[in-house]
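Welcome, and thanks for taking a look at this one with me. Here are some notes to read alongside the model, point by point.

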Amino acid sequence: MALLEIKNLHVSVGDREILKGITLTLNGGEVHAIMGPNGTGKSTLSNVIAGREGYTVTQGEVLLDGKDVFAMAADERARAGIFLAFQYPVEIPGVSTSSFLKTAINAKRRAEGHKEIDAMEFLKLVKAKTKELGMADDMIKRPLNVGFSGGEKKRAEVLQMTLLEPRVAILDETDSGLDIDALKVVSDGVNALRSKDRAFLVITHYQRLLDYIVPDHVHVLVNGRIAVSGGKELALELEAEGYAKYQGAAA
Amino acid sequence: MAVTRETAATVKEIEQYKYGFVTDIESDKAPKGLSEDIIRFISAKKNEPEWMLEGRLKAYRYWLELGDQEPDWAKLHYPKIDYQDAYYYAAPKKAALASLDEVDPKLLETYKKLGIPLLEQQMLAGVAVDAVFDSVSVATTYKKKLEEMGVIFMPISEAVHKHPELVKKYLGSVVPYSDNFFATLNAAVFTDGSFVYIPKGLRCPMELSTYFRINEKNTGQFERTLIIADEGSYVSYLEGCTAPQRDENQLHAAVVELIALDDAEIKYSTVQNWYPGDAQGRGGIYNFVTKRAACRGRNSKVMWTQVETGSAITWKYPSCILQGDNSSGEFYSVAITNNHQQADTGTKMIHLGKNTKSKIISKGISAGHADNTYRGLVRIGAKADNARNYTQCDSLLIGSTCGAHTVPYIETKNPTARTEHEATTSKISEDQLFYCRQRGMTQEEAVSLIVNGFCKEVLQTLPMEFAVEAQKLVGISLEGSVG
Ligand SMILES: Nc1ncnc2c1ncn2[C@@H]1O[C@H](COP(=O)(O)OP(=O)(O)OP(=O)(O)O)[C@@H](O)[C@H]1O
Ligand SMILES: [Mg+2]
């Protein structure tokens, strides 16, 4: 069975239709990249899958392991294994990154019927992962995302993904704002998580990322529709030619 | 279990007020109402010396003169209190027991339900506990150890007999009987409370703690606490309370007086979660408290921390009179109001001595239809050269039907003084909530986490074991406040 199936998804905000029939199947082990001009609905797609409020699904469905995602609250979806690395990570003043991480890990563990993570075990785990991601040790003591640089915020998203081990990870422009070294570190983090029972949906504007995280499929989202799908070479072509050709076709 | 029929009928509310239950220990109570006879009865019950009775009667007569002039400047609305319709004395059957074995097992059961088993607390936390159940202390522990160090920690009714010179000297010296309507009432009818004296030069090695319970129907609670830190001493005192689920409003008018002499330091922490009333605003405790500290000595220091989550009405301004040169006062407050709760709380920092410093950090959280007011006064006297104050008031709103207000008063009579005031008002954002929920947290966990973050600066001033309890309370008291 497919891990995540998006079938003929139509989504509106107010009177305006933003997604106009998206169909996409993510199987275990696959990495799908979504590219497309600004404002075409990439974040909308991520948000709707993750369960953000304010969107109206007018048609279609999304299934996780065959189960209706729209029947679940946002936190249930998360505990079922949907993870969204936010395009704009949110600041939570006064809440240390480590206590946020612990709360998130424990929410998942409880749902799975495990007991809460041991404090020592948690520290060891987080230390190891922050090191892998090239994050400073004292980072986890700071309030989550407060005063983090753009790149630090993105790393913190990947850290969370690594710790929560999702089944479907959606990365919404996680590469934006990363320097070359960070891009490599973050990509290594993603690649380390690639496995046959996990799928990735990677949203990006830059084909460069796809040199590091090599996708199985590339989709071009234009005007709320997938204008074209292809392999990795499609990203290279887009880089050279831009979206003009598809914008015409999609309209 | 001794859950009454009415409470059983409102299971849902009990769910919301997790500590709601009523114990049925029989009370030995005075008839309803207030009169000289009742005051004589209370005094006689306590076997008080003449000077105590005189003090009470003086206060009572003054209170009569005040008529029904309750203070009305706070932003609080509640029906008129009928002072003749309350009981002013209730005592558990047995009193002043030597060991826990003698304590009414039902009382111990009550503490268990509250999650504060005395025995465990003693052993694990090394906390000395003076438990006030209704109006009379029934269990005093760790007394021996403290006694050896010269610490006096006992019910104030006992201190009246054992240390009359200290009580005479200090009782009413910070909050005089004529201070305000509720303090006057308290001076007339107070039944018990804690007395603490820390001798010169001693850093009291354990936290002193009192758990107050209001348990007898229609029994106004009038605790009286007096803490004296002699020169160069230090003490940390914890006050925590939680009350049973009930229907009628209960009046509570406590008075707390702190005195810090030269180089002495007192840290006074409160977690208050009395019954706040139901979701419609029925019932709940009326909490009119006068708490004041006199930093009498040079370099003395008092730090108030309060976490106010309960009560239908909170009227409370723990204050510091900074008399001694270089003395300092700090006030850290979290006040949470949900449903129809109202809180008007803050502090007064009265700078009299030179180089006196004060710091005020107030975090108000308002949800449902609640109203939350910070009211604070910083007064710098003419002789308070180089006085400094820093005030920060942050309000957090949850939903759009609640209110938050900040009313700072600053009066400066000395040109060398410096005061700073910062205030913010914010809302829990949808973005924050969604972010947390996307990480698997329930709505309630998310609210609790975000609000705890907002309050962190205050909560981290609490002693460790109290901080954990307070963090949980913050979550519990806001359950059902979002979505
Ligand atoms: N909550 C909302 N209210 C109003 N309009 C919205 C809302 N969410 C999305 N939109 C609109 O829908 C369109 C798609 O937005 P979306 O954020 O999904 O674009 P995107 O493809 O992620 O763009 P970018 O590459 O710039 O991140 C935009 O025009 C945006 O303004
Ligand atoms: Mg976007």
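1. A word on terms before the counts: helices (H or I, at least four residues) and strands (E, at least two) are DSSP runs, numbered from the N terminus. Please keep in mind throughout that this is a predicted model. With those terms in hand, chain B has 13 helices and 23 strands.

2. Let us stay with chain B for a moment. Of its 483 residues, 61% count as buried. Take the contacts in chain B between residues at least 6 apart in sequence: 83% of them join residues at least 24 apart.

3. Next, the largest pocket, which has a volume of about 890 Å³. There are 26 residues in its lining, and those closest to the centre are A:Thr103, B:Ser448, B:Leu449, B:Asn452 and B:Gln471.

4. Which helices supply at least two residues each to the lining of the largest pocket? They are helix H3 (97-111) of chain A, together with helix H12 (443-459) and helix H13 (464-477) of chain B. H12(B) gives the largest share of this lining, with eight residues. By residue type, the lining divides into eleven polar, eight charged and seven nonpolar residues.

5. Moving to the sheets of chain A, have a look at the open sheet of six strands, whose order is S6-S7-S8-S3-S9-S10, with mixed pairing. Its edge strands, each pairing on one side only, are strand S6 (82-85) and strand S10 (225-230) of chain A. On average, and ignoring direction, neighbouring strands of this sheet are turned by 20° against each other.

6. Strand S4 (residues 56-64) of chain A joins S5(A) in the antiparallel sense over two bridges, and A:Leu63 stands opposite A:Asp68 in S5(A).

7. Finally, two backbone angles to check. Most residues other than glycine have a negative phi. A:Asn8 has a positive phi of about 45° although it is not a glycine, and A:Asn145, also not a glycine, has a positive phi of about 65°. Where do these residues sit? A:Asn8 is found in strand S1 of chain A, while A:Asn145 is found in the loop between helix H4 (119-132) and H5 of chain A.

8. Are these two residues buried or partly exposed? A:Asn145 has a relative accessible area of 0%, which is under 20%, so this residue counts as buried. A:Asn8 has a relative accessible area of 35%, so A:Asn8 counts as partly exposed, between the limits of 20% and 50%.

How values were computed: Residues are numbered from 1 along each chain as its sequence is written. Chains are lettered from A and ligands numbered from 1 in the order in which they are written. This is a predicted model: local features need pLDDT of at least 70, side-chain atom pairs count only at pLDDT 80 or more; totals for chains, interfaces and linings use all residues. Side-chain values use heavy atoms; hydrogens and water are left out. On a 1 Å grid over the protein atoms alone, a cavity is a set of points where a 1.4 Å probe fits but cannot get out, and a pocket is an open set with protein on both sides within 12 Å along at least five of seven lines; lining residues have an atom within 4 Å of a point. Grid points are joined across faces, edges and corners, and a volume is the space filled by probe spheres set on the points. Ala, Val, Leu, Ile, Met, Phe, Trp, Tyr, Cys and Pro count as nonpolar, Asp, Glu, Lys and Arg as charged, and the others, Gly among them, as polar. Two strands pair if DSSP finds at least two bridges between them. Axes are lines fitted to C-alpha atoms, for helices over the stretch in contact, and angles run from 0 to 180 degrees between N-to-C directions. Buried means under 20% relative accessible area, exposed over 50%, partly exposed in between (1.4 Å probe, protein chains only). Contact means heavy atoms within 4.5 Å.
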